[in-house]
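Thanks for coming, everyone. Please look at the screen.

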Amino acid sequence: MKTASRNPLTGIFAKYFTGAVVTDVEDATSTIRRVRLVAEEPLTQPYTPGQHVRIQINDPLSLRGLMRPADTLRTYTIWDYEPRERAIELRVHLYGGDGIGLRWAETVRPGDPLTFWGPQGDFATRDADFHLFAGDETGTCAFGPMVRALGEGARVYGVLESDRPGDELPMPGGHDLRRVHRDGASAVASPALLAELELPGNNGAAYVAGEARTCRLVRNFLVRERNWPRKSIRVKPFWAPGKRGLHH
């Protein structure tokens, strides 16, 4: 693993960067792409399910990169972390728009080199009597590895939103995870995640992720309607209309 001092962006974004090669690209669902990459050197950074990597998409030493550093990196949740294979798998949402992350996801091919930083981030499960997950497609990309790490014995509930059934990522079985669909409606401030769930109380831990305004709706619903303590709710706004460089 190379130290970050050789790249001008690393003082801002992370301590270490790693070179890698893309080995597999395929559609995981109708709106989510599977991207597998293999690092050039052993993966020695610690990893907690729910964390992400930052992918360098544009050259940070180009004029564009020097003028607008935020337009060189995009952030993606780790779906699988395989240190023995030096491999990381991502699930990349093919959102609407024309951003650099979408162009990369649509054009990346096996054999492409890339640089990444991470794993990073503090969106992770904590000890609790039970766990509640609520989020859209981007949130589900993080929830998959988090639920998998909790194991079959954990008490897990959730509402997972997508536009249509064909957009659903598979999740570990044996849990009370409800699927809801927008059916073409906007994902911004979507009410679909406010579906009623039979929960054992408000003494669990909640993880809310996806579009920023939807996350706020869900958090406020849990606090005001279900009497959840705010400190028990972790919110991760992965995207918002018109904002670039957020998580996908």
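First, a term: two strands pair if DSSP finds at least two bridges between them. Helices (H or I, at least four residues) and strands (E, at least two) are DSSP runs, numbered from the N terminus. Strand 9 and strand 10 (residues 176–181) are joined by six bridges and run parallel. In that pairing, serine 162 sits opposite histidine 181 of strand 10.

A word on the source. This is a predicted model: local features need pLDDT of at least 70, side-chain atom pairs count only at pLDDT 80 or more, and totals for chains, interfaces and linings use all residues. Residues are numbered from 1 along each chain as its sequence is written, and side-chain values use heavy atoms, with hydrogens and water left out.

In what order do its five strands come? The order is 10-9-8-11-12, in an open sheet with parallel pairing. Strand 10 and strand 12 (233–239) are at the edges with a single partner strand each, so one side of each has no neighbour in the sheet. On average, neighbouring strands are turned by 10 degrees against each other, direction ignored. Axes here are lines fitted to C-alpha atoms, for helices over the stretch in contact, and angles run from 0 to 180 degrees between N-to-C directions.

Back to strand 9, residues 156–162. Buried or exposed? Seven of its seven residues are buried. Buried means under 20% relative accessible area, exposed over 50%, partly exposed in between, with a 1.4 Å probe and protein chains only. Val156, Gly158, Leu160 and Ser162 point one way. Tyr157, Val159 and Glu161 point the other way.

On to strand 8, residues 131–135. Five bridges join strand 8 to strand 9, again in parallel. Glycine 135 has leucine 160 as its bridge partner.

Strand 8, helix 4 (residues 137–150) and strand 9 form a right-handed β-α-β unit. Right-handed means that, with the strands pointing away from the viewer, the path from the first strand over the helix to the second runs clockwise. Helix 4 lies across strands 8, 9, 11 and 12, at about 160 degrees to strand 8.

Threonine 140 is buried, at 4% relative accessible area. Beyond neighbours within four places in sequence, threonine 140 contacts Trp79, Gly135, Leu160, Leu169 and Met171. Contact means heavy atoms within 4.5 Å.
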